Every structure is written in structure tokens, then in C-alpha cells.
Amino acid sequence: MSTAPTPATPSGGLGTDGGRAATPLPDSPRTTAPAGRAARARPAARRRALGACAALMTPFFVLLVLVFLLPVGGAVYLSFFSDDQPGLGFGPERTVFAGLRSYEAVLTDPTFLAGLGTTALYCLVYLPTMVLLALLLALLLDSGAARLRRTAQLSLFLPHAVPGIIAAVIWLYLYTPGLSPVIGLLGKGGITVDLLGVDTVLPSIVNIAMWSNLGYNVVIFYAALQAVPRELTEAALVDGAGPVRTALRIKVPLVRSSGVMVVMFTLIWSLQLFTEPMLLSQATPVVGGRYTPNMYIYDAAFTRNNYGLAAAASVVLLAVTVALSYGLSRWSNRDRRAGGPGEEGSR
């Protein structure tokens with residue numbers, strides 16, 4: 001009498017007769033279906049993430065191209081051409097390829113080089129004064145030493161909301177003898193001061209820029225100080241550190257990155273100095289029409305109608321700005337990797 005063959009059971013388990021449930025094979029549809037759905041879902045999720053990133057970054061890149069790359073490309077292109085009038089200046093004007101002639105004219109022009117020197121001196125005075133004063137005021141606000149903190153913050157930031165040209169007009173009124181009530185009061189006291197003289201005009205420009213931009217930098221430092229863990233300052237007080245030592249050894253190193261950002265932004269704005277000296281040039285002969293590189297560019301384009309020279313000077317100024325910003329960024333990153341003061345203070 002023949003018997004029916006026993007069905008084969010999967011390896012690793014017995015049939016139902018053996019009392020154990022059958023273990024499904026690895027390639028069973030019950031195990032491969034969820035894994036297949038997960039594998040198909042990963043590329044879809046990656047595509048959705050890339051799409052979201054593209055949607056968020058598109059406005060930035062559109063503005064970057066329209067506001068920065070296209071103007072820079074146009075200036076570089078324009079700097080290689082110049083307007084020429086043949087026939088001793090009596091012929092029709094035509095645009096000709098000039099090569100590097102405009103760059104050579106800019107870099108050998110004493111007025112442009114003098115403007116770079118004036119801007120460098122301005123930066124040497126303005127940068128450290130702005131950064132140190134803004135940090136000091138932010139530390140005072142953060143320590144609670146200043147009363148009516150909200151009012152003090154608003155009073156410091158309010159001048160930044162005033163347009164630069166309006167601020168320059170206000171200070172020009174205060175600087176002009178015969179109009180300024182401050183100079184009039186000092187004159188009644190026997191004190192004669194010329195705020196638009198050869199030795200005082202640059203500090204006067206620094207004062208205008210300081211009044212306009214100090215509050216903005218104070219807000220940056222103050223926001224960074226608010227992020228400092230209070231446990232560190234409380235521990236320093238418990239250890240016997242006073243307010244000054246706590247500020248110098250704990251708070252200042254932890255806001256070092258904000259300090260680098262303030263220095264970089266202030267440096268870029270300083271190299272673009274234009275509004276204040278342009279208005280002061282209407283009241284004093286000390287400030288000429290090419291006092292700064294930006295004023296030189298304005299004079300070349302709209303007074304001498306030499307757009308190739310103006311474009312070349314713009315490209316040179318852009319190169320100087322980019323080089324200084326890049327050098328500052330590299331120095332900051334190298335100091336941070338080497339374990340600078342900011343790293344030591346954060347440990």
C-alpha cells in the first residue's frame with residue numbers, strides 16, 4: 001500500500017504536524033512587499049526634499065544673478081572699452097576696445113590712490129571705535145546696569161532707521177559755522193572749533209557714520225549675548241568673578257563669531273563710503289570731488305562721462321573688498337581651528 005509524499009517544509013522550522021509554525025522564506029511576498037515600498041519611497045522623499053530646497057533657494061539665486069552677477073559682469077565688460085573721438089576730437093564718437101588701458105589709468109591715478117589711502121585711514125579709525133563701543137554698550141545692556149533697557153535699545157537703534165543722507169544733512173547743519181547752535185555756544189565760551197578743517201573733517205565723517213550705525217551693531221552683539229548660557233555666568237559669579245572679569249573671560253569669547261561678522265559688515269560699508277563726504281564737499285573745500293573711491297567713480301561716470309574708467313575703478317574696488325573680506329574670513333576660521341580665544345571660552 002503506497003503512502004502520499006509528505007510536503008516539504010521550509011528550512012528552519014517544522015510543519016504543522018511537528019508543532020511549530022512554518023517560517024516564511026526570505027523572498028516571501030509578506031517580507032519583500034514592505035521593503036519594496038520603503039525602497040520606492042526613499043527616492044520620492046529625496047525628490048521632495050530637493051524640490052523644497054530648490055523652491056526656497058530660487059529667490060536667492062534670482063536676486064544674486066540680477067542684483068550682483070549681472071551688474072558685475074556688465075562692469076567688467078564695460079571696463080575693456082572706451083569712447084574715442086577721432087580727428088582731434090571733432091569726429092563722431094565711437095566705442096573702441098581699450099583692453100587694460102582703463103585699469104592702468106585707474107591704478108596710476110594719484111587721486112584714486114589718495115582716495116584709497118583716505119578710506120584706509122577712515123577704516124583704521126572707524127572700525128575699532130565702532131566694534132569696541134558697540135560691544136561695550138551691548139555688555140552694559142546685557143548686565144542690567146542700564147535702566148529702562150527697552151528705551152535704551154530703541155534710542156540706540158533709532159538713528160539707524162534714519163536714511164544716511166538725512167543724517168548727513170543733520171550733521172552738516174551742526175558742523176557749519178554760523179548755523180550750528182553747538183558751535184555758536186562754544187564760540188560764546190571762547191572756544192573756537194572748525195569741524196570741517198583739514199585735521200577734523202575725517203573724524204567728523206566718522207562721527208556721522210558712528211551715529212547712524214552704532215545701534216545696529218549693538219543689537220547684533222546684544223542678541224548674541226542673550227544666547228550665552230546663564231549657567232556659565234552664574235558659575236563665574238559663584239567662583240568669585242566680578243562683572244568685568246565675567247564679561248571679558250566668559251561673554252566676550254562666546255560672542256566672537258558675532259564680532260567677526262560685525263567687523264566684516266563694517267569693513268564692507270566703510271569701503272563704500274560716499275554719502276557723508278559727498279554732502280560735506282558742498283560745505284568745505286577740504287573734501288574734493290574724488291575724496292573716496294566711490295566719489296572717484298561717481299565723478300568719472302557723471303562728470304567726465306568716462307564710463308570705461310568708472311567701470312574699471314568699480315572692479316578694482318570690488319576686488320579690494322572681496323580680498324579683504326576673504327582674508328578676514330580665512331583668519332577667523334584659522335584662529336578658530338587653532339583653538340583661539342573663542343574656542344577656549346566655550347569649553
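How exposed is Arg 230? At 32% relative accessibility, Arg 230 counts as partly exposed (that label covers the range between buried, under 20% relative accessible area, and exposed, over 50%, with a 1.4 Å probe and protein chains only). The close-ups below come from a predicted model, where local features need pLDDT of at least 70 and side-chain atom pairs count only at pLDDT 80 or more, while totals for chains, interfaces and linings use all residues. Residues are numbered from 1 along each chain as its sequence is written, and side-chain values use heavy atoms, with hydrogens and water left out.

**View 1. Asp 142 and Arg 230 pair up in a salt bridge.** Here a salt bridge is a side-chain nitrogen of Lys or Arg within 4 Å of a carboxyl oxygen of Asp or Glu. The closest N and O atoms of Asp 142 and Arg 230 sit 3.0 Å apart. Asp 142 belongs to helix 3 (residues 110-143) and Arg 230 to helix 8 (residues 230-238), so this pair ties together parts that are 88 residues apart in sequence. Helices here are DSSP runs of H or I with at least four residues, numbered from the N terminus. Asp 142 is buried, with a relative accessible area of 8%.

**View 2. Asp 142 also meets Lys 251 in a salt bridge.** For this one, the N to O distance is 2.8 Å. Lys 251 lies in helix 9 and Asp 142 in helix 3, so the pair links parts that are 109 residues apart in sequence. Both Asp 142 and Lys 251 are buried.

**View 3. Arg 304 and Asp 299 form another of the structure's four salt bridges.** Their closest N and O atoms are 3.0 Å apart. Arg 304 is partly exposed at 31% relative accessibility, whereas Asp 299 is buried, with a relative accessible area of 12%.

**View 4. Thr 246 sits in helix 9 (residues 243-254).** With 6% relative accessibility, Thr 246 counts as buried. The Thr 246 side chain reaches the backbone oxygen of Gly 242 at 2.8 Å. What does Thr 246 contact, leaving aside its neighbours within four places in sequence? The list is Thr 233, Ala 236, Leu 237, Ala 241 and Lys 251, where contact means heavy atoms within 4.5 Å.

Methods
Helix = DSSP H or I, 4+ residues; strand = E, 2+ residues; numbered from the N terminus. Polar contact = N/O pair within 3.5 Å; in protein donor to acceptor, adjacent residues only side chain to side chain.
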